[in-house]
Amino acid sequence: MYSYQAPADLLHDRVILITGAGAGIGRAAAKTFARHGATIILSGRTTKKLEDVYDEIEAEGGPKPAIFPVNLEGAVAKDYDDLANAIREEFGRLDGLLHNAAILGHRTPLEHYDPDSWTRVMQVNAMAPFLLTRSLMPVIRESEDASIIFTSSSVGRKGKAYWGAYAVSKFAVEGMMQVLADELDDADKRIRVNSVNPGATRTAMRALAYPAEDATKNPTPEEIMNVYLYLMGKDSIGVTGQAFNAQGD
Ligand code: NDP
């Protein structure tokens, strides 16, 4: 699906929430989805970055977005319930949820991994997507056909030395995707749930993980959007419980 060609109006009238929408892959997804007609709920840690993406979408003539800043590290269940209530009030439903925000943490042997840092990574990368999904399910059920995407990583599918909490959190994300997809396959087939491994992509996180590499050899976030579009749009109705690679297998 990495060569999927999305129709221009693929996401017309769809309401999609993206975490980590202020930078990197989340920012590209926000702008790409908006270009295909979606109303984007921009969520993230740094309000200024979200405002910049908001302005960029408006400048391109996209549907008016909304901004809901949330720090996934400190947010508790009530914060997510408040977010869900605000979405219900403003939009009445949610058609798409892209769990994109994450932090890298340290790259170090497991036995030397700082426990506080471990907790932070697990909180942002695994606990927050659980809490957010849990609170948003009622508004997601208001959609005719909804799509939930969890963002994984190659180290979330095969463990690799020194990737510590980041790798473990991504395994958790894959597990969450499978459990939820299986539950909804029984209970509510209108909601599809899948994971995407973006693959090496030119962002701040990639630069942090591989400071010595030539960044230009990796695709930009804009260049890996086809799988995301496929999963958010109607062409993927019925596709659920699957692990995708944005750059092909
Ligand atoms: P970036 O570091 O460029 O962007 C991460 C985004 O997450 C930022 O918008 C950041 O907000 C947000 N974020 C981080 N912490 C929090 C928090 N506590 N609360 C709310 N938002 C937060 O990462 P990428 O774009 O590279 O990564 C996007 C996803 O893709 C991640 O899940 C990552 O694990 C995954 N991935 C990326 C790969 C790559 O090569 N780039 C490869 C494999 C997977 P702010 O800017 O305000 O700090």
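Start by selecting strand E1, helix H1 (residues 24-35) and strand E2: together they make a right-handed β-α-β unit. Right-handed here means that, with the strands pointing away from you, the path from the first strand over the helix to the second runs clockwise. Helices (H or I, at least four residues) and strands (E, at least two) are DSSP runs, numbered from the N terminus.

Before you click on, some ground rules. This is a predicted model, in which local features need pLDDT of at least 70 and side-chain atom pairs count only at pLDDT 80 or more, while totals for chains, interfaces and linings use all residues. Residues are numbered from 1 along each chain as its sequence is written, and side-chain values use heavy atoms, with hydrogens and water left out.

**Stop 1: strand E1**

Select residues 15-18, which are E1. Val 15 and Leu 17 sit on one side and Ile 16 and Ile 18 on the other, and all are buried. (Buried is under 20% relative accessible area, exposed is over 50%, and partly exposed is in between, with a 1.4 Å probe and protein chains only.)

Step back to the segment before E1 and pick Asp 13. Its phi is near 70 degrees, a positive value in a residue other than glycine. Most residues other than glycine have a negative phi. Asp 13 counts as exposed because its relative accessibility is 53%.

**Stop 2**

Contact means heavy atoms within 4.5 Å.

**Stop 2: Val 70**

Go to the loop between E3 and helix H3 (77-91) and select Val 70. At 13% relative accessibility, Val 70 counts as buried. Leaving aside neighbours within four places in sequence, its contacts include Ser 43, Gly 44, Tyr 80 and Leu 83. Draw a distance to Thr 19, 51 residues apart along the chain: the C-alpha atoms are separated by 8.5 Å.

**Stop 3: strand E6 and its neighbours**

Which way do the residues of E6 point? Ile 191, Val 193, Ser 195 and Asn 197 go one way, Arg 192, Asn 194 and Val 196 the other, and all are buried. E5 joins E6 through six bridges, running parallel, and Phe 150 stands opposite Ser 195. With H5 in view, E5, H5 and E6 make another right-handed β-α-β unit. On to E7, which pairs with E6 in the parallel sense over three bridges; Asn 197 faces Asn 245 there.

In the loop between E5 and H5, find Tyr 162, which has a positive phi of about 75 degrees although it is not a glycine.

Next, select Met 137 in helix H4 (residues 115-140). Met 137 counts as buried, at 8% relative accessibility. Not counting residues up to four places away in sequence, Met 137 touches Ile 148, Leu 184 and Ile 191.

**Last stop: the largest pocket**

The largest pocket has a volume of about 1000 Å³. A pocket is an open set of points on a 1 Å grid over the protein atoms alone, where a 1.4 Å probe fits, with protein on both sides within 12 Å along at least five of seven lines; lining residues have an atom within 4 Å of a point. Points are joined across faces, edges and corners, and the volume is the space filled by probe spheres set on them.

Of its 45 lining residues, select Asn 100, Ala 102, Ile 103, Thr 203 and Met 205, the closest to the centre. Then colour helix H6 (204-209), which gives the most to the lining, with five residues.

How values were computed: Pairing = 2+ DSSP bridges.
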